[in-house]
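I opened my notebook today to look up a few things in a structure.

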Amino acid sequence: MDTTVETADRSIGAILVDDGRLTLKNAERIIRLQKTENLRFGEAGIKLGLLSDGDIQFALAKQYDYPYLVGRNGEVSETLIAAYNPFSKRVEALRAMRSQLMLRKFTGESRTKALAVVSPARGEGRSFVAANLAIVFSQLGERTLLIDADMRNPSQHELFRLDGRNGLSSILAGRSDRTAVERVPGFVDLSVLAAGPIPPNPQELLGRPVFADLLKELDSEYDVILIDTPSVADFADAHLVSARAGAAVAIARKHFTRIEQVRRHTEIMNRAGVKVVGTVLNEF
Ligand SMILES: Nc1ncnc2c1ncn2[C@@H]1O[C@H](COP(=O)(O)OP(=O)(O)O)[C@@H](O)[C@H]1O
Ligand SMILES: [Mg+2]
């Protein structure tokens, strides 16, 4: 038998008992079944109907010191899988992406904080990746800020259930101040600046010096700033945002995104001095 697994499993039981989710007597029943059928603690608990998936995720989260939201109580959208399913395969992939980005961008001498998330067309997963990536960065204890600079089809206020009345557009238009940046409850250190009311002139707003000033200010307050953008092929906004951020990561959706387009926009960005740190293949 694999003793490391056993140790880990035993502490899952201990966590659940300590938390009052499991009685000692039931923990013993689980351990007995676990031994006779050679199961993991969690599997045995579920088989006996004594544990739910939620209990196991809760215990794993504690074990690995992972803050996450318990249950699907509508606090934030279920699309935010990094909050609800931190141990799923998809979130594993997001953590791998986080590691790559840590190595390539968020460490070392040339460390800057802002990173635009860009892709050619709508529906390729920019908002999904930006939001979940922001969550996994915050889970690492990085002071993380997610800015929704997609003032064409904003979505982060919905994903994080913010009212969205104030946001980037209001700051850029001089109608709001930094209080529009909202700390998301339930996460270690995650703040979101929603897009705000849809303005008639997003591109013009992003070109204003106030945007550059805002990013400069935020740079000293956060370790990681991820910026969601509109599709590059439709609007020039993403190029503007990337130029201000200084760096971008490109998303390509498998069997959907035209790679030629990604290449072309990457080239344009490189020429504008934007560091394109990589392309992520989003498969869903
Ligand atoms: N890796 C993924 N796994 C599951 N669903 C995804 C994934 N990427 C995107 N989606 C879903 O696809 C839809 C479009 O993604 P979205 O992030 O809104 O695209 P974009 O911001 O590029 O227009 C959303 O419903 C989103 O939740
Ligand atoms: Mg989007």
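Which residues come nearest to ligand 1? I looked this up first, keeping in mind that the model is a predicted one. Around ligand 1 there are 13 residues, and G125, R126, S127, F128 and F284 come nearest.

**Entry: the shell around the ligand.** I sorted the shell of ligand 1 by residue class and found 2 nonpolar, 7 polar and 4 charged residues. I also asked which element gives the largest share of that shell. It is α7, with 3 residues.

**Entry: helix α7 and its partner.** Helix α6 covers residues 89-104 and helix α7 covers residues 126-139. Their axes come within 9 Å and cross at roughly 70 degrees. Angles of 65 to 115 degrees count as roughly perpendicular, so α6 is roughly perpendicular to α7. On the α6 side, I noted V91, L94, R95, M97 and R98 in the contact. On the α7 side, N132, L133, V136 and F137 take part. By class, the residues of this contact are 6 nonpolar, 1 polar and 2 charged.

**Entry: the neighbours of β2.** I then looked for strands that pair with β2. Strand β4, residues 190-193, pairs with β2 in the parallel sense over 4 bridges. Within that pairing, I found T144 opposite L190 of β4. Strand β5, residues 224-228, also runs parallel to β2, and 5 bridges join the two. Here L146 has L226 of β5 as its bridge partner.

**Entry: one residue, V210.** Last, I picked V210 and asked where it sits. V210 belongs to helix α11, which spans residues 209-219. Why does V210 count as partly exposed? I found 14 C-beta neighbours inside 10 Å of V210. A residue needs 20 or more to be buried and 12 or fewer to be exposed, so V210 is partly exposed with its 14. I also compared V210 with T179: they are 31 residues apart in sequence, and their C-alpha atoms are 15 Å apart in space.

Definitions and conventions. Residues numbered from 1 in each chain as written. Chains lettered and ligands numbered in written order. Predicted model: local features only at pLDDT ≥ 70, side-chain atom pairs only at ≥ 80, totals over all residues. Axes fitted to C-alpha atoms, helices over the stretch in contact; angles between N-to-C directions. Parallel < 35°, antiparallel > 145°, perpendicular 65-115°, else oblique. Contact = placed C-beta atoms within 7 Å. Nonpolar A, V, L, I, M, F, W, Y, C, P; charged D, E, K, R; others polar. Pairing = 2+ DSSP bridges. Near = placed C-beta within 6 Å.
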